[in-house]
Amino acid sequence: MSKTRIKFDELVTDLVKAKGLEFSVGRIIKEWEEEPGPTPMPDIGTFREWDHKLLTKYKPFYLPWCDLCCLCTFGKCDLSKGKRGACGLDMKAQLSRFVLLSCSIGAATHCGHARHMVEELIAKFGRDHPLDVGGENVYLEAPNIRLVTGIKPRTLADLEDVLDYCETEIVHLLSSCHTGQEGDNIDFESKVFHAGMIDHVSMEVADIAQISTYGFPKADPDAPLIEVGMGCIDKSKPVILVIGHNVPPAVEIADYMRNHGLEDSIEVCGICCTAIDLTRYSQKAKIVGPISFQLRFVRSGFADVIVVDEQCIRTDIVVEAQKVHAPLISTHYKNFQGLQDRTGDSVDDIVRDLVEGRVPGVAILDSEKAGEVAVRVATAIAPKRKKFKIVPEESAVIEEAKKCRKCYACVRVCPNTLPIPEALEEASKGNLQPLSELYESCVGCGRCEQEGICPAQIHPHTLIVGASKRRIAEEKHKMRAGRGAIQDVEIRRVGQPIVMGEIPGVVAFVGCANYPGTWKEVPIMASEFTKRRYIVCTTGCAAMSIGMYKDENGQSPYEAYPGAFEAGGLINCGSCVSNPHISGAAIKIASIFAKRKLRSNYEEIADYIHNRVGAVGVAWGAYSQKASSIASGFWRLGIPVIVGPHGSKYRRMLLGRKDDKEAWYVIDARTGKSAYAGPVPEHLFIAAETMEEAMVLIPKLCMRASDTTKGRAIKLNHYIDLHRRFFGELPDDVHLFVRTIADIPVTMKDEVMALLKEKGWEENENPNPDPTLLPRLVRAKSEG
Amino acid sequence: MAFEPWQRGEIPGPIKAVVINKPEMVPALVKKAKKPLFIVGTGALRDEFNGKFPIDYAIRIAKGGNIPVVATAQTVVEFKRRGFTPTARMSLMEIGGRLTDPEWSVSDNGAPHDLVLMLGLGPYYMEWLVGSGLKSFAPHLKTISLNRFYQPHCSWSFPNLPVEEWYKNLEKIAQGMEKK
Ligand code: SF4
Ligand code: SF4
Ligand code: SF4
C-alpha cells in the first residue's frame, strides 16, 4: 500500500469549504500477473550484503581532492594522513560521504525532474493516460521500476507511487551525510549504490512519461535523423534557443509554432538534453551541441530568445544573454535566475516588456504561456537585434592576439591546460589555425576570461570562437533522434549471444562533455566498437558528440551504422533520463532471455547481469553529480564504468586486484562449489588516462564468467588486438583470462601459448561454471 | 616561481610537498631508499626541448639507479621505441591503488616499495590526485614528483619551472643516478 496525494480545486462539504485542498490517502497498488519477489521497495539497508560483496571485490581507491572537511562549524578539519575530524570521521569516510552527496544530488535532480514532469503531464493528459513506450514490441515497459519497486505502471498516475518511494529513499540517503551519522566508508559506498539504483528508477519514470504522452519515437530503430551542429542553424530566421533538461516548455514552443503556421519561419534549436528531447518531438528542431557549446553559441548572437528550464544551465546565463541583447525566459522554479515571476501576467504585457528591453528576462512557470511568449518575442525582436554578437571577426582576433604577454595565467585556470599563449602568438602573425584547433578541446567553461585573470584583458575563449568561424559554418551533422527503449524482440535475438560472449559486449557512451581533449575521441571510440560488432548505445551529450563527426565517406556514425540493438548497431536512446533503457536492456536480458523473475528481485538480477552480461559504460566527459549517480546505478548491477581523466575528480575508483586470486571465485550454482572465474570484470570504476587506454579497457571489462569458449575467444581477440595496436605488445595478463586452450583466439595461438607457458598457466578445471555470488541460488542445495 | 600548484584552483591542504631546490637531492633520496619505483605516464611524451623528451631522462634515471619502471597507458610504446623495456605496464589508477597496499611490489617476491618517483602521470590534475591518494593512504611510501610543475601532494616536488630549467634539473638527476 502506498500513499498518494489527491488534489481538489474546490471542495465543498457540510463541514468544510476549501480551495486548492490537498491531502493524502492510502492507495492500493494494483496487482499484476507476476508474483512479487523478495525485495519490493528496498530501503537503504536492504542490499547491504550484496553491495559489500561487490565492494570486497572492487575496493575503493580514494583520491582526496581536498584534504580538508568544512561541512560543519567544528571544521575546517585536516583529514590527511590518517587524521580524524572533530566528529571522528576519517578521510575514507569523508570521501565516500562526498560521493554519496554527489549521487544523492544526482538522484534528487532526476527525481525532482520526474516529479515535475509527471505533474505537468497529468495536468495536460490526465491521470489515466496510458503508458506506452513501444506498443506490442515492448511488453516490459519499465524494467527498473518493476525490478526495484515491484510496481507495474500502467498510467501516469501509477508513476506517482514510484516517485513517492524514490523521494523517501533520497531523503534518507541525504540525511546519512549529516555530521554524526554513518561513519564507515564501505557502508557509505553501499548507500552510494542505493542512490544510483533510485536514480535509474527516477529517470525511467521521467522518460516513459514523456515518451507515452508526447509521441516520441517508441523503441524505433529507425527513428529519424535530425540535424546537429552550429552550422545547421538558419540565422536568417528568428532563432529560439532552449537549454536544459525539462522538455515541456520547448514542446509548447513547437506546438505554438505549428498551430500558427510558423514552423518554417522560426528556427528552434537547443543545447543539452532539452534539445535531444525536443528533436524526439519535432524533427524540425535542431541541436546546437552539448553543454560545452553554451557560451560560444550564446555569444555568437544567433539566438534571439533564450529559454531555460533546469539542470546544466550556465548560472551566469542572464549576464551572457544580456551581452548579446537576447531576452531570457526561465520556465522553472528551480531556476529563477533572479528574474521576476510573470506567470500571472498577460502574454501581451510580457512580450512588450521583453521586446522593448524593459527587463533582461522573465520567469514564466506555465509552459504553454512561456511557449507563446518565446515565439512572439523572437518574431518581434529578431529584426531589432540583427544577430547582435560579441564574437569578433578574424581581423579583430589578430589584433587582440598581439596584446598577449605570455604570462600563462589563462592556461593555469584552463581545465584542459590548453596552449592559449602559443596559439595567440601564431594568431598575432595572421595564422589562426592553431587557435581554431583549440576549439575542439575547449570545454567552454570561460574560466580563462574570469575577472582579473588576463593582465591584457584578452578573452581567450571568445577569440578561439572568433578564429573558428569557418569551422563552425561547416558544423553540419546528422544524429539519430533518441529512440527510447529497446524492444523485447531485440533482446530475445541478442540475449543468448551476449550472455555467451559471441556478441563481444554492450558499450554505452553516456554522460557530459567535460572531455579531456577533442570531443572527437567519443565518436572515434564509438565507431571503433561498432565496427567490431559490439552493441553501442549512447545518450545525452555523448550522443551529440558522436553525431558531430564525419567518417571518410562524409557520413556521421548514425548514418553509417543501424539504430537497432544488434551487433554493430549504434543506438541513441535519448537524453540523460533515457539511461535506464540501457540498464533496462541488461535487466531485460536476465528477464526476457534468461527468464529470471524480475519483479522486486533486484539482487538476483544484478547477480545475473554482473556475471553474464558483458556491458560497460563509458562516460568520457562526465562532470556532473547526475553523471555520478547514473554511474552508481550501473555499479549496483555490477556493470563497470570507465571515465575520462577528469572523472578522477569524483574522488574514488572501484578497483579489482587481478593479482589476488582469492577475490575472483564465484559459486557454481549447479554444484554449490566455489569456482575460479578469473578477474572478470576486472574493475567497477576506473578513470583512463587516455582514449587509447580506454579503448583497451573496454573489451577487457566486457569479459564475464559466463562466456563460452567461443565467446571468450572473440572477446580476447578484441582485447589483444587493441592492446597490440595501442600498446605495441601482447597484454601480460592474458593468462588470467584464458581458462582453457579453446579460449585462445585461433589466429593468436602461438604467441598466446608462449605467454601462457612463461606465466606457468594451468588449465581451469571448471572453465564454465554457472556463476553466482549468491549462495541461495545454488540449485543443488535447494533441490536437496 | 612561487611554490604554488600549477593549476590555480588545486589548493591541497596544510601538508604540502617540500620543494626540490637542488636536483642532486633526488639521486641521494633514491640511493637511500630500499625499494624505489618509477612511474612514467603519457605526460613524459610532451614538452619536447632541444629534440629531447622527458621520457629520455626517465630511461637514464631508471637505468642509472636500476629502478623498476611502471609505464602507464601507451607510454610503453615510446619506451620500447627507445630500446627500453619497462618492468610493467599498468593503468595509472591501478598502480595508484596497488601502492596503497604496503605488501605489494612490482617485481614478484620483491620487497614492498618505500619510494615512488613520478613523471608525467597524465594531465596535471591526475598526477595531483594520485599523489593525494598516496599521501593519505600509502603512509609507508615517500613520493617524488619530477613533473615540471609543483605537485603539492608529493613528499618532494619541483616548483613550477620554465621548461629549460626543468630539463637542466632532469639532466642533473640523470647524471647523479648514472654516477656509480
Ligand atoms: S563534519 Fe566532521 S570532519 Fe567535517 S568539519 Fe565537521 S567535524 Fe570536521
Ligand atoms: S573556456 Fe576553453 S580555453 Fe578557456 S579555460 Fe575553459 S576550456 Fe580553457
Ligand atoms: S592571461 Fe592573457 S596575457 Fe596571459 S597568456 Fe593568457 S591571454 Fe596572454
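In this predicted model, Gln337(A) is found in the loop that joins strand 11 (328–330) to strand 12 (340–341) of chain A, and its phi is near 60 degrees, a positive value in a residue other than glycine. A positive phi is also taken by Cys272(A), at about 75 degrees, although Cys272(A) is not a glycine. Cys272(A) is found in the loop between strand 8 (267–271) and helix 7 (273–281) of chain A, and because its relative accessibility is 2%, under the 20% cut-off, Cys272(A) counts as buried. A further positive phi, of about 70 degrees, belongs to Arg533(A), which comes just after helix 19 of chain A.

Helix 19 itself, made up of residues 521–531 of chain A, is mostly covered, with nine of its 11 residues buried. The buried residues of helix 19 of chain A include Val522(A), Pro523(A), Met525(A), Ala526(A) and Phe529(A), and among them are also Glu521(A), Ser527(A), Glu528(A) and Thr530(A).

Two peptide bonds of chain A in the cis form may be described together. The bond from Gly75(A) to Lys76(A) is cis, with omega near 5 degrees, and Lys76(A) lies in the loop between strand 4 (68–69) and strand 5 (77–78) of chain A. The bond from Val680(A) to Pro681(A) is likewise cis, with omega near -20 degrees, and the place of Pro681(A) is in the loop between strand 22 (674–676) and strand 23 (683–687) of chain A.

The axes of helix 2 (residues 91–125) and helix 24 (residues 625–636) of chain A come within 7 Å and cross at roughly 95 degrees. Because this angle falls in the range of 65 to 115 degrees, helix 2 of chain A is roughly perpendicular to helix 24 of chain A. On the side of helix 2 of chain A, the contact is made by Ser102(A), Cys103(A), Ile105(A), Gly106(A), Ala107(A), Thr109(A) and His110(A), while helix 24 of chain A contributes Gln625(A), Lys626(A), Ser628(A), Ser629(A), Ile630(A) and Ser632(A). The residues of this contact divide into four nonpolar, eight polar and one charged.

Ser575(A) has its place in the loop between strand 17 (570–574) and helix 22 (580–593) of chain A, and at 1% relative accessibility Ser575(A) counts as buried. When residues up to four places away in sequence are not counted, Ser575(A) touches Gln210(A), Cys273(A), Ile276(A), Asp277(A), Arg280(A), Thr539(A) and Gly540(A). Asn259(A), by contrast, is found in helix 6 (residues 248–259) of chain A, and at 61% relative accessibility Asn259(A) counts as exposed. Asn259(A) and Phe509(A) are 250 residues apart in sequence, and their C-alpha atoms are 37 Å apart in space.

In chain B, an open sheet of seven strands has the order 1-7-6-5-2-3-4, with parallel pairing. Strand 1 (18–19) and strand 4 (88–90) of chain B are the edge strands, each pairing on one side only. Within chain B, strand 2 (residues 36–40) and strand 3 (residues 69–72) pair in the parallel sense over three bridges, and Val40(B) stands opposite Ala71(B) in strand 3 of chain B. Helix 5 (residues 124–137) of chain B packs on the sheet, where it touches strand 5 (115–119) and strand 6 (142–145) of chain B, and the direction of helix 5 makes about 170 degrees with that of strand 5 of chain B.

Notes
Residues are numbered from 1 along each chain as its sequence is written. Chains are lettered from A and ligands numbered from 1 in the order in which they are written. This is a predicted model: local features need pLDDT of at least 70, side-chain atom pairs count only at pLDDT 80 or more; totals for chains, interfaces and linings use all residues. Side-chain values use heavy atoms; hydrogens and water are left out. Axes are lines fitted to C-alpha atoms, for helices over the stretch in contact, and angles run from 0 to 180 degrees between N-to-C directions. Helices (H or I, at least four residues) and strands (E, at least two) are DSSP runs, numbered from the N terminus. Angles under 35 degrees count as roughly parallel, over 145 as roughly antiparallel, 65 to 115 as roughly perpendicular and the rest as oblique. Contact means heavy atoms within 4.5 Å. Ala, Val, Leu, Ile, Met, Phe, Trp, Tyr, Cys and Pro count as nonpolar, Asp, Glu, Lys and Arg as charged, and the others, Gly among them, as polar. Two strands pair if DSSP finds at least two bridges between them. Buried means under 20% relative accessible area, exposed over 50%, partly exposed in between (1.4 Å probe, protein chains only).
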